[in-house]
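Welcome! Take a look at the model first, and then read on.

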Amino acid sequence: MCGIVAYTGSSQAIPFLLDGLKTLEYRGYDSAGVEVLAQDGSLAGVKCVGRVSALVEKCQTRDLRSTCGIAHTRWATHGAPTDRNAHPHTSCDGRVAIVHNGIIENYRSLREELQARGHEFRSETDSEVIAHLVEEALRGPAAGDVVEALRRATRRLEGSWAVAAISADDPGTVACARKGSPLVLAATDGGAYAASDITALAGITSHVIQLDDGQLARMDPSGAVTVYDASGSEVAKPDTLDIDWDASAATLGGYDDFMAKEIAEQPAAIERLLRGRLSDGRINLDELDLTDDEIAAIDRIYVVACGTSLHVGLLARRFIEGWARIPVVAEAASEFIYEDVLVTDHTLCVIITQSGETADTLAAARKMHAAGAKVFAITNVLGSTAARESDGVLYIQAGPEVSVCSTKAYTAQMVAATILALLLAQKNGHMATGEVARRFRELARVPDLMRVVLDRSWQAKAAAREFVHAPSALFIGRGVNSATASEGALKLKEVSYLHAEAYAAGEMKHGPIALLEPSFPVVAIVPRDSVRDKTVSNIQEVIARGATCVAVATDGDEDVASLVERVMWIPDCPENIVPMVAILHLQVLARYVALARGCDVDKPRNLAKSVTVE
Ligand code: M6R
């Protein structure tokens with residue numbers, strides 16, 4: 001979603017600001033803008049709808065030499081994607097500029113109030129009120145101090161925000177504030193930096209300052225960063241985080257797109273995640289941070305997530321219930337937050353979120369915390385809000401996932417959920433140590449099984465032809481692979497804009513079968529497992545209606561091959577492992593369909609990498 005970068009120091013601001021925006025492009029956006037403190041002491045800015053590359057071109061037509069500035073990529077919430085609604089927003093006198101991520105819930109009343117006092121608004125956004133509130137504070141009690149002005153402004157706001165502000169009345173200072181939307185800063189000899197996403201600070205520092213909710217920061221041209229609490233008192237020891245950057249992680253490294261790169265990275269990511277997780281037959285998951293007694297007492301688990309991460313949650317439910325015999329509810333966070341959930345002192349909430357910033361998931365976790373449950377996060381992003389607000393965190397260590405379409409985080413999260421299920425089963429005595437070790441050994445085969453599937457990418461490429469001109473597609477699977485079907489359909493519609501629907505195979509005859517007609521493409525996930533024969537019957541039903549069936553099947557299953565149009569083969573592997581292996585074919589399939597349809601696989605329209613608004 002929206003992205004923020006800011007700089008003040010001794011170097012030119014524009015190169016960092018524009019590079020930073022490019023780094024944040026993956027989050028999804030529809031317009032971009034930049035505002036600097038110009039050499040004559042006024043503010044100067046450029047903004048436009050479209051790509052950062054368009055903004056770069058526009059910037060070249062203006063004199064934007066400056067050592068202090070703020071920049072933004074906007075994902076429209078309030079107001080259409082237009083030049084006027086793009087950030088930064090300025091005050092009436094043009095002496096204040098702000099960029100904002102989040103939602104100001106009381107913006108209507110603030111806007112009316114400010115208009116009644118003579119403020120003129122230029123955009124339809126909720127964010128613009130912040131510029132006018134800062135302007136008023138600078139004219140009054142906070143004269144000449146943009147940080148104090150922003151502090152006073154934020155006291156009037158309801159909702160969520162990460163804000164960076166500059167003012168011609170406080171030259172060289174960048175003021176920042178955070179509530180509910182992430183903001184990280186860096187203090188360096190060459191200047192002070194801020195970004196809504198840690199990746200924009202790669203190559204700048206390995207030591208970042210994380211603002212907590214309610215905190216503000218002053219970025220000084222000397223490179224110093226001072227953090228304040230909501231009352232304006234200096235915070236002696238702000239929260240910091242040391243990052244071990246892998247410089248190549250956020251570059252394409254020879255791949256055509258990040259989706260291709262991240263699909264290929266899956267075996268290595270799983271190897272990293274599994275390292276050291278089993279010793280002497282026991283699962284190591286100290287991150288859960290619960291005593292054996294607490295684990296034994298868990299009476300119910302809520303697994304809460306969104307999108308792809310929710311599909312992991314559906315599997316987590318099966319694994320935990322099946323192995324640890326603890327009742328599990330897996331639910332979309334956006335629904336969960338409005339439900340009347342049953343929580344006792346022994347209830348555990350597991351949130352699964354690649355970004356660690358998904359607003360609905362965070363709201364669900366806060367709700368569970370407030371109700372007295374412990375919250376355990378499975379996430380990818382170091383120091384993310386989910387990680388910081390949870391009682392325990394398991395980092396999946398998949399490395400930066402840049403493509404909006406989640407691939408490597410999906411499989412790594414599945415492996416993480418499996419480790420959690422094994423630990424719970426072992427600790428509460430429902431699975432014997434030998435069985436745990438056996439299951440773990442199965443898990444350890446996943447990277448090599450994935451490599452085999454990746455070597456067979458041509459099979460998914462060939463199958464893609466069946467979909468390129470289709471109006472719609474249906475994905476079916478049973479048991480653990482009903483989640484695989486859901487994830488496969490999500491991948492396809494997300495990157496290729498081809499409508500796709502997933503159904504538990506046995507449910508097909510209760511409705512979706514009406515869609516089938518000659519050449520309608522159906523993907524059946526039909527490994528050789530306990531429900532294979534039932535799924536084969538469903539494939540027969542598909543074929544009887546003249547539809548085109550493409551299967552993901554186990555090596556050597558010639559019966560399936562003789563029924564369907566095409567097969568994407570997976571090596572023989574245990575039932576619980578199949579979802580981690582079969583999905584690779586469906587990821588590759590979605591990518592090839594999208595490329596054939598001329599879509600930008602890394603930045604699908606309308607989508608954001610991390611959805612930071614509810
Ligand atoms: O960062 P999160 O895992 O919390 O994100 C949840 C969803 O927004 C995300 O998985 C989304 O569905 C992906 N774009 C799917 O590829």
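Domain bounds here come from an automatic or database domain assignment. On that basis the chain has domain 1 (3–250), domain 2 (258–444) and domain 3 (454–596). Please keep in mind that this is a predicted model.

**Domains**
- The C-alpha centres of domain 1 and domain 3 lie 46 Å apart.
- Domain 2 is assigned to residues 258–444, and domain 3 to residues 454–596.

**Where the ligand sits**
- You will find the ligand in the second largest pocket.
- Around the ligand there are 13 residues, and the closest are Ser309, Thr353, Ser355, Thr358 and Glu494.
- Sorted by class, this shell holds eight polar, three nonpolar and two charged residues.
- Two helices, α9 (307–324) and α17 (480–496), each supply at least two residues of the shell.
- Of the elements that contribute, α9 gives the most to the shell, with three residues.

**Polar atoms facing the ligand**
- Threonine 358 places a polar side-chain atom 2.4 Å from an oxygen atom of the ligand.
- Glutamate 494 has a polar side-chain atom 2.5 Å from a nitrogen atom of the ligand.
- For lysine 491, a polar side-chain atom lies 2.8 Å from an oxygen atom of the ligand.
- Taken alone, the ligand exposes 410 Å², and the protein buries 91% of that.

**Backbone details to look for**
- Most residues other than glycine have a negative phi, and most peptide bonds are trans.
- Histidine 87 and proline 88 are joined by a cis peptide bond, with omega at about 0°.
- To locate proline 88, go to the loop between β4 (68–74) and β5 (89–90).
- Arginine 325 has a phi near 55°, which is a positive value in a residue other than glycine.

Notes: Residues are numbered from 1 along each chain as its sequence is written. This is a predicted model: local features need pLDDT of at least 70, side-chain atom pairs count only at pLDDT 80 or more; totals for chains, interfaces and linings use all residues. Side-chain values use heavy atoms; hydrogens and water are left out. A residue is near a molecule or strand if one of its heavy atoms lies within 4 Å of it. A polar contact is a pair of N or O atoms within 3.5 Å; within protein, one must be able to donate a hydrogen and the other to accept it, and residues adjacent in sequence count only if both atoms are side-chain atoms. Accessible areas come from the Shrake-Rupley method with a 1.4 Å probe; for residues, only the protein chains shown count as cover. On a 1 Å grid over the protein atoms alone, a cavity is a set of points where a 1.4 Å probe fits but cannot get out, and a pocket is an open set with protein on both sides within 12 Å along at least five of seven lines; lining residues have an atom within 4 Å of a point. A molecule sits in a cavity or pocket if more than half of its atoms lie within 2 Å of its grid points. Helices (H or I, at least four residues) and strands (E, at least two) are DSSP runs, numbered from the N terminus. Ala, Val, Leu, Ile, Met, Phe, Trp, Tyr, Cys and Pro count as nonpolar, Asp, Glu, Lys and Arg as charged, and the others, Gly among them, as polar.
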